[in-house]
Amino acid sequence: MLTVLTTLCAAAAAGEAAAVPVRGPGAVPVRVPEADTPRPYAFSEDAGTVAGADGTTEAVRLEAGSEYRSAIKKDGKLYYRLDLDGTSNAYVSATAVPRAGTEVTSADGIKVSVQNADGSTCSSEAAHIGPTQSPHPVAAWASREIGHNTYACQEAGTYYLVVERSSTPSSPSGTWDLELNYVSEPPLRTGGSTTAPETWDSASPEVLQGDATSRAGGAGFGEAAALGQGVWKAGIEPGQTLFYKVPVDWGQQLYTTAELGGSGSGNGYVGTALAMALYNPVRGHVDDVGSGYDGSQRAASLPALPPVDYGNRFSINGRTSGMRFAGAYYLVVHLSERVAEKFGEGPFGLTLRVRVSGDAEDGPAYAGGTEPRGAFEVTAEERAEAEQGATGDTARAPAGGAAGSAGDGGGGTGGSDEATGQGDPAMKVVAVAGIGSGTVLVLTLWVWRAVARRRVRSVRTTAGH
């Protein structure tokens, strides 16, 4: 009970959203109002700040299971040190975030590599802004994998994560922020298959139908809102990027479709207005799809992907190879800021149709744990969160008939009471099932008192001007 009161106090003092999960049969959250302003990229709260070095000599060491925040200038090339053993696989991703107001070209992006001490590249990948021509987060990954290369990157020793900013001569200068994510995978207890599964069901099933449930996207990987199988809706503004995560277990297949609702006003055409990318649990790029927009509804579906299987890593097809881990798969949806020029500021209705097919299977027999712990597992709690949402909040309905929600940490707006503007939103306290009526009364009185204090402060501030 003390935890609930403490959380409510902090939320009321800050004037921000809070949805306090109260556990127990039939329990529902206590809610206080939140701001209705889209946020920029939400970096992980656990991310430490680290400066990339211009060369290997001064490179700072990164620890497995950790996240870091850094920054890179135009045409920059930064080094970070990895101390690796001779048995584990290391996966490192970099998410590049152009700062607010930054101009970009489709060719702007980053390249991520893992190199050994002799300068040999273990693996690398590049990611670019692409045809949306709109500033948004882009992520690329690289790895050191044991057994994939007989001649290099197999020994224990010092390795380097290298992050390069790619651009054209006409690209504007300026600094981009970086979020680095480092995951370590242990070896198997016994040697498994060294080939990818030869056959799998590549036919796309029928698109899910039914009423959509509101679920606003998060503002970053660390705040991705959880989705399970179903039809989900949110509001998205031009220039905004929404992050979702879908738990997919070993043996399961993921199918997704994104739909952008009609604008109802404006005219013209934006070549690639909506972009949806899929990333695996180590934030490695799996696939992406885009759609143009002329003001009428548009849909874009990711092609059928193979079931999650450890052996997929041995495929030469990048889409198949990326489906190598169980865990949280991230859907990242961006609406080009150019949409605003022809169809207004929005928000526009976004519908996501998510299907997770197949029964969960036993995973590989690892000879140890991942860093961070449980990186390639799907827990019962995660499944429940995906189906019901972390808070169960609902958000203001955007144009096009969609609505968002303040789901798992991010980017949502207030509930229906705040949307209508009826009454004092700070007084909208939902009864909490599973706790005594006396406790509800205490909570109500506390919120009432907090509101009164804020009003007194407001009057004093006004009188002082």
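1. **A charge over a ring.** The charged end of Arg-69 sits over the ring of Phe-43, 3.8 Å from the ring's centre. The rule here is that NZ of Lys or CZ of Arg lies within 6 Å of the ring centre and within 35 degrees of the ring normal. Arg-165 does likewise with Trp-176: its charged end sits over that ring, 4.1 Å from the centre.

2. **What you are looking at.** This is a predicted model, where local features need pLDDT of at least 70, side-chain atom pairs count only at pLDDT 80 or more, and totals for chains, interfaces and linings use all residues. Residues are numbered from 1 along each chain as its sequence is written, and side-chain values use heavy atoms, with hydrogens and water left out.

3. **Aromatic pairs.** Rings of Phe, Tyr and Trp (its six-membered ring) pair if their centres lie within 6.5 Å; planes under 30 degrees apart are stacked, over 60 edge-to-face, and the rest tilted. The count comes to 11 aromatic pairs. Phe-221 and Phe-243 form one that is edge-to-face, with 5.1 Å between centres and 65 degrees between planes. Phe-221 is in the loop between β13 (213-214) and β14 (225-226), while Phe-243 is in strand β16 (residues 241-248), so this pair ties together parts 22 residues apart in sequence. Strands are DSSP runs of E, at least two residues, numbered from the N terminus.

4. Are Phe-221 and Phe-243 buried or exposed? Buried means under 20% relative accessible area, exposed over 50%, and partly exposed in between (1.4 Å probe, protein chains only). Phe-221 has 4% relative accessibility, so it counts as buried. Phe-243 is buried too, at 1%.

5. **Another edge-to-face pair.** The ring centres of Tyr-293 and Phe-348 are 6.1 Å apart and the planes meet at 85 degrees, so this pair is edge-to-face. Tyr-293 belongs to strand β19 (residues 285-293) and Phe-348 to strand β22 (residues 348-357), so the pair ties together parts 55 residues apart in sequence. Both residues are buried.

6. **A cluster.** Ring pairs also link Tyr-41, Phe-43, Phe-221, Phe-243, Tyr-279 and Tyr-330 into a cluster. Phe-43 is the ring that has Arg-69 over it.

7. **The disulfide.** A disulfide is a covalent bond between the sulfur atoms of two cysteines. The structure holds one. Cys-122 and Cys-153 form it, with sulfur atoms 2.1 Å apart; the cut-off is 2.5 Å or less, that is, within 2.5 Å. Cys-122 is in strand β9 (residues 121-128) and Cys-153 in the loop between β10 (138-144) and β11 (157-166), 31 residues apart. The S-S torsion is about -90 degrees, so the disulfide is left-handed. Cys-153 is buried at 3% relative accessibility.

8. **Gln-253.** This residue is found in strand β17 (residues 253-260). Gln-253 is buried, with a relative accessible area of 8%. Its side chain makes a polar contact with the side chain of Tyr-255 (3.2 Å). Such a contact is a pair of N or O atoms within 3.5 Å; within protein, one must be able to donate a hydrogen and the other to accept it, and residues adjacent in sequence count only if both atoms are side-chain atoms.

9. **A sheet.** An open sheet of five strands runs in the order β14-β16-β21-β18-β19, with mixed pairing. Two strands pair if DSSP finds at least two bridges between them. β14 and β19 stand at the edges with a single partner each, so one side of each has no neighbour in the sheet. Strand β18 (residues 270-279) and β19 run antiparallel, joined by seven bridges. Ala-275 stands opposite Gly-290 in β19.

Notes. Helices (H or I, at least four residues) and strands (E, at least two) are DSSP runs, numbered from the N terminus.
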